Amino acid sequence: MSDALVAENVRKEYGDTVALDGVSLSVGAGEVFALIGPNGAGKTTLIRSLTGTTTPDGGSVSVLGVPPGSVEKSRVGLLPQSFDPPARLSARELVAYYAGLYDGARDPDDALADVGLSDTGDTWYENLSGGQQRRVCVAATLVNDPDILFLDEPTTGIDPAGRRALWSLVEDLAAGGTTVFLTTHYMAEAEQLADRVGLLADGEIVAVGTPESLIGEHGGESRLVVETATPRTSVEMGYTVEETESGLVFDGVTPADIGEVVSDLNARGVEYESLTWTEPDLEDVYLRLTGASLGPEATRRAGEAAIAGGDR
Ligand SMILES: Nc1ncnc2c1ncn2[C@@H]1O[C@H](COP(=O)(O)OP(=O)(O)OP(=O)(O)O)[C@@H](O)[C@H]1O
């Protein structure tokens, strides 16, 4: 697989802020690469550096074999994170405007159909919902049938059904040979779509690999989550136990161990409301490598209590 995109030691500073601190990566032709990382990690700055919408202070970038400023415009699609088109255009007029920038562009209605908005072509952009507006913007990036597509948080604000429709669109594009470089805060999106994922933190790539390899290397063990009737039940067992807001998390529990843990909980009089067994996923990788929280779902408390007394 030849490289569609190569960045070497890219550096960008804004005053005292080092937005990119020597980023190197390559993306193969036809590959889907997802960039994840906390707010302010430098994801948008990297996309802007890769697409020539900002000039790095150091390093080099090659897109389809040439510097970003020299690449044929019709071969590249870019959905910026912030995109504020004229509101008093219909969805179709807006997409047609972008189609007019290219020779041999696609039919705007086909691009709208790609994003599931066939019925809303006549609606003014300002009257569309936030998620529909985002989908129109995605449609606008598809009119030139790009060889490489940069999508900066493409599904932010889009409802779950719309998000899955866009995932399917990205999968179709990749199957057709389009290289896709996207950023996202949705770990499920990166895990579902990406051939490889890069984790950016404080302007540096801290891990890169297939979702499976990252999870295997950094995701930790499978675990049993126990929601207890009484918050922060203190329990002594032969597993590594984390206390959470809502109960207990037992690390390293396989499905075959669940019965034993449940017996132990019963024997010790721990009342529980639910038991959920989970395998590590990309969210665990993210949390472990950034030490950050993804939101209210991720309320796991630090401070493991490796407790003696059980039979493991
Ligand atoms: N034009 C700018 N002027 C000054 N500082 C900037 C500019 N653009 C980005 N920064 C700073 O560079 C750092 C990286 O910002 P960037 O927008 O690339 O992060 P991000 O990973 O895309 O964040 P988010 O997930 O919130 O979109 C931040 O500290 C940000 O404040």
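In these legends Ala, Val, Leu, Ile, Met, Phe, Trp, Tyr, Cys and Pro count as nonpolar, Asp, Glu, Lys and Arg as charged, and the others, Gly among them, as polar.

**View 1. The whole protein chain, shown as a predicted model.** The protein chain has nine helices and 14 strands, and its C-alpha atoms fill a box of roughly 75 × 45 × 40 Å, taken along the principal axes. Of its 312 residues, 39% count as buried. Among the contacts between residues at least 6 apart in sequence, 70% join residues that are at least 24 apart.

**View 2. The residues around the ligand.** Sorted by class, the shell holds three nonpolar, eight polar and one charged residues.

**View 3. Strand β7 and its burial.** Strand β7 covers residues 179–183, and because five of its five residues are buried, the strand is largely enclosed by the rest of the structure. In a regular strand the side chains alternate between the two faces of the sheet. In β7, T179, F181 and T183 point one way, while V180 and L182 point the other way, and all of these residues are buried.

**View 4. The strands that pair with β7.** Strand β3 (residues 32–36) runs parallel to β7 and is joined to it by four bridges, with L35 standing opposite T183. Strand β6 (residues 148–152) also pairs with β7 in the parallel sense, here over five bridges, and the bridge partner of L151 in β7 is L182.

**View 5. A87 and its contacts.** A87 lies in the loop between β5 (76–79) and α2 (91–99). Is this residue buried or exposed? A87 is exposed, because 12 other C-beta atoms lie within 10 Å, and a residue counts as exposed if that number is 12 or fewer. Leaving aside its neighbours within four places in sequence, A87 is in contact with W124, Y125 and E126. One of these residues, E126, is 39 residues away from A87 along the chain, and yet the C-alpha atoms of the two are separated by 4.7 Å.

Terms used. Residues numbered from 1 in each chain as written. Predicted model: local features only at pLDDT ≥ 70, side-chain atom pairs only at ≥ 80, totals over all residues. Buried ≥ 20, exposed ≤ 12 C-beta atoms within 10 Å, placed from the backbone. Helix = DSSP H or I, 4+ residues; strand = E, 2+ residues; numbered from the N terminus. Pairing = 2+ DSSP bridges. Near = placed C-beta within 6 Å. Contact = placed C-beta atoms within 7 Å.
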